[in-house]
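Hi,

Here is the structure I promised to pass on, with my notes on it below. Have a look at it first, then read on.

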Amino acid sequence: MENLEVLDLVNKGGLLVWPILLCSLIGTAIFFERLLRYRKFLKYREDYDSFYQLIHDGKFATAQEFLSKRNPTLSAAKRLMLEALNVDDPDRETVEMVLVHGVEREIASLSSYLSTLGVLGSTAPLLGLLGTVLGMIKAFSVVESMGGSVNASVLAGGIWEAMLTTALGLSVAIPLLFFHNHLESRLSYIHEYLEEVAIEFMKAWSKGHHTAH
């Protein structure tokens, strides 16, 4: 019975209810897909102290082998450091540039679809407002067609049906914006972690580069 009432309310909201529900569906799917990816990233954070020590001692070939053999799955941090180790005839400026571009690339990949989620969260209430305006136009058009014999119940019914889309739009937008902010905070944390990895690598590399020479 309750399901029928919900469907009845959705039907009364008009055509714009469906794009609002589509925003909710797509936005929720994006949220859970990104959330799982970020959790997987954070779950497999590793301690690279032994690796940094090898770099510090100038044992670059051993360090490269250490990264590859320890875990065949290349995490973002490993990709950064292996790219830096694979630079031909490296100097400090080149290695730093490789690390900076590597961090930017990884963050760009991880931030995919976040802007879409933000747009969906902002669009849903606007669609709801548009639905309400169209509903109000329809309600007052009915009132005008009735001439002087205005039925208050008809007018009230038309108005509350029009307001349904605004309520639905806000109900969709609030969680989507929360999802977006939550993912942004996770991504910010990951960004800080990758920058920390790059800085620690450069500290060790600077010592190791002088040792090797």
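Why does E106 count as buried? The reason is its relative accessibility of 6%, as buried means under 20% relative accessible area, exposed over 50% and partly exposed in between, with a 1.4 Å probe and protein chains only.

Before the rest, some housekeeping. This is a predicted model, where local features need pLDDT of at least 70, side-chain atom pairs count only at pLDDT 80 or more, and totals for chains, interfaces and linings use all residues. Residues are numbered from 1 along each chain as its sequence is written, and side-chain values use heavy atoms, with hydrogens and water left out.

Of its 213 residues, 37% count as buried. Contact means heavy atoms within 4.5 Å; among contacts between residues at least 6 apart in sequence, 80% join residues at least 24 apart.

Back to E106, which sits in helix α6 (residues 92-110). Leaving aside neighbours within four places in sequence, E106 touches A76, R79, L80 and L194.

A nonpolar core here is a set of buried Ala, Val, Leu, Ile, Met, Phe, Trp, Tyr and Cys residues joined through side-chain atoms within 4.5 Å. The largest one has 47 residues, and F51, L194 and F201 have the most contacts inside it. Two or more residues each come from α2 (17-43), α3 (49-56), α4 (60-70), α5 (76-85), α6, α7 (114-145) and α8 (152-212). The top contributor is α8, with 15 residues.

Last, the aromatics. Rings of Phe, Tyr and Trp (its six-membered ring) pair if their centres lie within 6.5 Å; planes under 30 degrees apart count as stacked, over 60 as edge-to-face and the rest as tilted. That gives three aromatic pairs. One of them is F31 with F32: the centres are 5.1 Å apart and the planes are at 70°, so this pair is edge-to-face. F31 is buried, at 7% relative accessible area, while F32 is partly exposed, at 45%. Ring pairs link F31, F32, F178 and F179 into a cluster.

Cheers

Notes. Helices (H or I, at least four residues) and strands (E, at least two) are DSSP runs, numbered from the N terminus.
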